[in-house]
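Subject: Structure for your attention

Dear colleague,

Please find below the structure that I promised to hand over to you. My findings follow directly after it.

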Amino acid sequence: MANQQSPSASQQHIMGVYNRAPLAFERGEGARLFSTDGEAYLDCVAGISTDGLGHAHPALVKALKDQGEKLWHVSNIFRIPQQEALADKLCAATFADVVFFGNSGTEAIECALKTARKYHAANGQPERIDIVGFDGSFHGRSYAAVNASGNAAYLEGFGPRLPGYVQLKFGDFEALAEAVKSPTCAGVIVEPVQGEGGARALSEAQLVELRRLCTEAGVLLIFDEVQCGMGRTGKLFAYEWADGVAPDIMAVAKALGGGFPIGACLATAEAAKGMTVGAHGSTFGGNPLAMAVGLAAFGEINTPELLDNVKTVAGYFTQQLNGLKDRFPDIVADVRGKGLLIGVKLIPNNREFMALARDQKLLVAGGGDNCVRLLPPLNLTLDEAQEAIAKFELACEAARKAAAA
Ligand SMILES: Cc1ncc(COP(=O)(O)O)c(C=O)c1O
């Protein structure tokens, strides 16, 4: 199954931190990816929730080309009109008053954590440094981010845990009520819908309770919408599903750039009050090229048509996948998630199932709790969704045969 025409002879000079599928692609069009050996795959990974508009979307390609011929990069020591325009749009569409742009989800998280601590320092309470996070969460790979998510596998071998990070069980509100009362608590970080953890969604009631507990305790609520934001759940941001719930700080990335690396930390003016000149910075963050693509992606995603499409296609997937769960109780244990962040908890090994799906020319992502995730482009058509389900069913049949063999 090795990719015959792989452009590189080996991976020997690539740091071995990924377990890669034996597959490389040379072209993409919408939800379709074409491998270097000429096969067409239906892409329900979308760069793990990043290619929100699929591949080679004409509006994004045009924005990239147009800006690419004018100006790629200037330092943030100058004003950048495209950055100001995207920040205006993000603030108009959300709770936020201000935005800091970086290049990745991890950088958005880094800024979010620093903003939370700096807020309390600005309030004369620098001892408030604790960030409360949840098991099964994923916030990125910087040292701060792995400490915030607390996943032992990502921490092992990197020396002592950083002080100021507290881990609770996902959804343990009793423990949370205690933790936020601590005089050293700075904030709570949570993904409204956990991505890597296996598409686990907090309920609307839980989001309301989370907001209430943080407000009462005077600590900041940070939403990590790197994976579940930018239309993925059928609203521009997942927190909008719960009435009256907004974070103080939010990390956004992935589909914000439609495949171009962009991260953004959004905050209220109050929460960002410690982030004054010199408190933070980035060389590349928010440069004209990235912002031109971000503006184009935002314009395409933040439309009723696109968000309605997510709801329609997600409804179809949920119904069909639950049908497969009934027909393949030996393969499918659970269907969960929100919108087009879909988790299918499997009985056979999820990695082996991903290979069986690839045999059917369907790409799905892995996830915690033995899930595979379906994270297709947000503009997937119902016909494509139908095709994805047909391929998924064939993979279920293959998994059943493999289990019987
Ligand atoms: C919820 C969440 N937060 C943060 C990150 C880190 O983003 P990046 O890989 O762009 O640094 C990810 C990446 O998968 C994520 O899913």
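The axes of helices α2 and α9 meet at an angle that makes the two helices roughly antiparallel to each other. Please bear in mind throughout that this is a predicted model.

**Helices α2 and α9**

Two packed helices are described by the angle between their axes and the distance between the axes. Helix α2 covers residues 58-68 and helix α9 covers residues 288-301; their axes come within 9 Å and cross at roughly 155°. Angles over 145 degrees count as roughly antiparallel, which is why this pair is described in that way. The crossing in which α2 passes α9 is right-handed. On the α2 side, the contact is made by Ala59, Leu60, Ala63, Leu64, Gln67 and Gly68. On the α9 side, the residues include Pro288, Leu289, Ala292 and Val293, and also Leu295, Ala296, Ala297 and Glu300. Sorted by class, this contact of α2 with α9 has 11 nonpolar, 2 polar and 1 charged residues.

**Helix α11 and its surroundings**

Which residues of helix α11 are buried? In this helix (residues 350-359), they are Asn350, Phe353, Met354, Leu356, Ala357 and Arg358. The buried residues of α11 pack against the strands β14 (341-346), β15 (362-363), β16 (365-367) and β17 (371-374), and against helix α12 (382-404).

The pair α11 and α12 can be described in the manner used above. Their axes are 8 Å apart, and the helices pack at an angle of about 125°. That angle makes α11 oblique to α12. The crossing of α11 and α12 is right-handed. Phe353, Leu356, Ala357 and Asp359 of α11 make the contact with Lys391, Phe392, Ala395, Ala398 and Ala399 of α12. By class, the contact of α11 with α12 has 7 nonpolar, no polar and 2 charged residues. Just after α11, Lys361 takes a positive phi of about 65°.

**Further positive phi values**

Most residues other than glycine have a negative phi, and most peptide bonds are trans.

Ser49 has a phi near 70°, a positive value in a residue other than glycine. Ser49 lies in helix α1 (residues 46-49). Is Ser49 buried or exposed? Ser49 counts as buried, because 26 C-beta neighbours lie inside 10 Å, and 20 or more are needed for that label.

Ala199, which is likewise not a glycine, has a positive phi near 55°. Ala199 is found in the loop between β8 (193-194) and β9 (200-201). With 29 other C-beta atoms within 10 Å, Ala199 is buried.

**Phe173**

Phe173 lies in helix α7 (residues 173-179). Phe173 is partly exposed, because 14 other C-beta atoms lie within 10 Å. From C-alpha to C-alpha, Phe173 and Thr50 are 31 Å apart in space, and they are 123 residues apart in sequence.

**The surroundings of the ligand**

How many residues surround the ligand? There are 15, and the closest are Gly105, Thr106, Gly140, Val226 and Gln227. Helix α4 (residues 105-122) gives the most to this shell, with 3 residues. By class, the shell around the ligand has 5 nonpolar, 7 polar and 3 charged residues.

Yours sincerely,

A colleague

Definitions and conventions:
Residues numbered from 1 in each chain as written. Predicted model: local features only at pLDDT ≥ 70, side-chain atom pairs only at ≥ 80, totals over all residues. Near = placed C-beta within 6 Å. Helix = DSSP H or I, 4+ residues; strand = E, 2+ residues; numbered from the N terminus. Nonpolar A, V, L, I, M, F, W, Y, C, P; charged D, E, K, R; others polar. Axes fitted to C-alpha atoms, helices over the stretch in contact; angles between N-to-C directions. Parallel < 35°, antiparallel > 145°, perpendicular 65-115°, else oblique. Left-handed = near helix turned anticlockwise from the far one by under 90°. Contact = placed C-beta atoms within 7 Å. Buried ≥ 20, exposed ≤ 12 C-beta atoms within 10 Å, placed from the backbone.
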